[in-house]
Amino acid sequence: MDNAQFNFSSGRPYVMAVASSREALNMVKATAGKVEFGGLEVRLDTIGVFPGWVNELGAIRNSGIPVLLTIRSAAEGGSWNGSESDRLELYRDAIRGEAVSAVDAEIHSDIFSELAGIAANANVKTVGSFHDFEKTPPEDELLNIIRTSRGLGADLAKVAAMINTPADKKLLAKILAQEDAPVCIIGMGDLAADTRIVFPCLGSRLTYGYLDTPSAPGQFSAARLSELLREISPDARVN
């Protein structure tokens with residue numbers, strides 16, 4: 001299943017389609033051979049656990065689509081309100097079932113370090129994420145978040161921050177410009193829509209578009225995002 005692996009070190013951005021419902025998963029299964037994106041993020045926290053979910057994700061991955069599993073905690077804008085031990089077990093089930101290419105969890109969560117170790121042992125990538133839905137943190141804090149993420153075992157450090165001013169946008173672009181290791185920087189809010197196109201061209205490894213409904217402020221649909229990036233950045237992994 002090497003064709004369904006993520007290569008965050010390649011320098012090429014992945015257009016990630018976000019599946020936040022069973023309907024979205026069905027859309028992917030129905031058009032698996034004609035997808036216009038580079039990977040699929042499955043938001044199990046919003047979809048909910050359902051019978052056969054590991055096999056369903058595995059079938060999508062076996063079709064050649066890299067699958068990123070996210071079970072986002074309510075503490076960072078997600079819908080997971082269960083225990084951390086239960087959340088870790090769901091990630092473990094997906095990894096054990098060879099259903100995912102990568103997992104995403106918050107670096108400040110209690111499970112992150114253990115999850116990163118489990119994933120590494122199974123050759124599954126780990127995205128260490130941080131979200132601030134109110135503001136863009138100062139530069140030193142952003143750099144510390146990225147260093148912490150890597151120190152805890154993340155293959156890719158992901159920072160999503162609310163952009164309230166043009167200066168916020170410039171700061172996030174500056175962080176991207178000075179980072180050599182794989183990183184994903186996402187701007188959120190009304191001022192950030194263009195960053196989902198511009199930042200991948202500056203080195204952000206992932207950019208997200210929705211399949212059914214937006215899962216974050218300022219998102220494009222995956223199809224539209226792929227179209228725009230194909231025009232601007234021929235190296236983008238859009239299919």
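How many helices and strands does the secondary structure of the protein come to? I counted 9 helices and 9 strands, taking helices (H or I, at least four residues) and strands (E, at least two) as DSSP runs numbered from the N terminus. The radius of gyration is 16 Å, close to the 18 Å of the globule rule for 239 residues, so the protein is as compact as a globular protein of that length. That radius is taken over C-alpha atoms, and the rule is 2.2 Å times the number of residues to the power 0.38.

I noted the terms of the model. It is predicted: local features need pLDDT of at least 70 and side-chain atom pairs count only at pLDDT 80 or more, while totals for chains, interfaces and linings use all residues. Residues are numbered from 1 along each chain as its sequence is written, and side-chain values use heavy atoms, with hydrogens and water left out.

**Overall**

I looked up burial next: 55% of the 239 residues count as buried, meaning under 20% relative accessible area with a 1.4 Å probe, protein chains only. Among contacts (heavy atoms within 4.5 Å) between residues at least 6 apart in sequence, 69% join residues at least 24 apart. The C-alpha atoms fill a box of roughly 45 × 40 × 30 Å along the principal axes.

**The sheet**

I traced 9 strands in an open sheet, in the order β7-β6-β5-β4-β3-β2-β1-β8-β9, with parallel pairing. Two strands pair if DSSP finds at least two bridges between them. The edges are β7 (183-188) and β9 (220-221), each pairing on one side only.

**Strand β1**

I then checked β1 (residues 14-19), where 6 of 6 residues are buried. Tyr 14, Met 16 and Val 18 point one way, and Val 15, Ala 17 and Ala 19 the other. In a regular strand the side chains alternate between the two faces of the sheet. β1 runs parallel to β8, joined by 5 bridges, with Val 15 opposite Thr 207. With β2 (residues 39-43), β1 pairs in the parallel sense over 4 bridges, and Ala 17 stands opposite Leu 40.

**Helix α8**

Which residues of α8 (residues 195-202) are buried? I listed Thr 195, Arg 196, Ile 197, Phe 199 and Pro 200. The buried residues of α8 pack against α7 (166-178), β7, β8 (206-210), β9 and α9 (222-232). Just after α8, I noted Gly 203 with a positive phi of about 125°.

Technical notes:
Buried < 20%, exposed > 50% of the residue type's maximum accessible area, 1.4 Å probe, protein only.
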